[in-house]
Amino acid sequence: MVLTAALCFGLVKAFQPQLGAMLLERMVDRRVGRDVLADLPDGLHVLLCGTGSPLPDPTRAEACTAVLAGRHLFVVDAGDGGARKLALMGVPLGRIERVFLTHFHSDHIDGLGPLMLMRWTGSAATAPLPVAGPPGVAAIVAGFNAAYATDNRYRIAHHGADIVPPSGAGAIARPFALPADDAALVYQRDGVSVTAIRVNHAPVAPAVGYRFTYRGRSVTLSGDTTWSPALVRAARGSDLLVHEALQPRLLVRLTDRLAVTGQANTAQITRDIRNYHATPEQAADTARRAGVRHLVLNHIVPPMPLGFAYPAFLGDAHRHFPGPITVGEDGMLFSLPAGSTTITRKALL
């Protein structure tokens, strides 16, 4: 019997509820309870949970990067959508030990509330989430705690203290002094060292990047910065450099379009942001001068939803750095096993 297209469509339509339920069940079986960290080898692992910026990009959440160092899980910055991306990647949010903030621009902090909430409710946490950062972090944490206080009470009343222990709600600030010189140690435990790096994001201050070191492997995250000699010195010899990037040759086209469509305010903002971000070429120059092995670009500006456009975004970056350059995408996992020099990449989304 040959089924016509119309008949096939009719059968699918008739059984759509059953087929839809089957597909959803398969998705649940595949995703729920997944722990992507469970089988990773000892070492450093970097998970990109937000490679975008405040400019709308359907493929990228705002600034968010997770770092697994041995058994310790950290998150650097908590932009909008970052927590959801981590959950979709199969990262158990209850394991997050600490958040490190680079600075206090909205796109680096406005996902902190969902991250606090999902960590607490997903693991019955009995202590608030530590949030580390330079001076000013205490005010940020206090604001989020105040904003979520009513919601926390609702959840405790609804689910009970055994499921959502009141002592685990919210966050607690862990401020550190801005490095007097290039960098300063801000965390050390079980062979894991985290160094804060003073970077240049003026007029935004304070602003820092971070270097994570564990068992001979290291990764440096720039945070938001222009060209920074301090970052070059602090990143020296890193296996992986995750560096922000803005391509002005492409951004000018977005600016022009905003202007001609009557969006003068936003057009002026896209003009202004060029002077406190690094270009892909400058990020590549930092990677070369620091002698890093692999460069990953994040905080992508302008939005790059199409991989086909990546060469245009990179511009002349490959002329500045002879090593591999990756345009970061949400869901990427970079693994740096201990006792090795390898760097592997995997897509989790």
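Reply: Helices (H or I, at least four residues) and strands (E, at least two) are DSSP runs, numbered from the N terminus. The model is predicted: local features need pLDDT of at least 70, side-chain atom pairs count only at pLDDT 80 or more, and totals for chains, interfaces and linings use all residues. Residues are numbered from 1 along each chain as its sequence is written, and side-chain values use heavy atoms, with hydrogens and water left out.

Now the helix itself. Buried means under 20% relative accessible area, exposed over 50%, partly exposed in between (1.4 Å probe, protein chains only). The buried set is Pro280, Glu281, Ala283, Ala284, Asp285, Thr286, Ala287 and Ala290.

What does α10 lie across? It lies across β11, β12 and β13, running at about 160° to β11. Contact means heavy atoms within 4.5 Å. Axes are lines fitted to C-alpha atoms, for helices over the stretch in contact, and angles run from 0 to 180 degrees between N-to-C directions.

Those strands belong to an open sheet of 7 strands with mixed pairing, in the order β7-β8-β9-β10-β11-β12-β13. β7 (183–189) and β13 (325–327) stand at the edges. Each has a single partner strand, so one side of each is left without a neighbour in the sheet. Neighbouring strands are turned by 20° against each other on average, direction ignored. Two strands pair if DSSP finds at least two bridges between them. β11 (residues 240–246) and β12 run parallel and are joined by 7 bridges. Ala245 stands opposite Ile300 in β12.

Met304 lies between β12 (294–301) and α11 (310–314). Met304 is buried, with a relative accessible area of 7%. Leaving out residues up to four places away in sequence, Met304 touches Asp57, Thr59, Arg60, Leu250, Ala309, Tyr310 and Phe313.

Leu115 gives a reference point elsewhere. The C-alpha atoms of Met304 and Leu115 are separated by 25 Å, and the two are 189 residues apart along the chain. Leu115 is among the residues with the most contacts inside the largest nonpolar core, which has 32 residues. Such a core is a set of buried Ala, Val, Leu, Ile, Met, Phe, Trp, Tyr and Cys residues joined through side-chain atoms within 4.5 Å.
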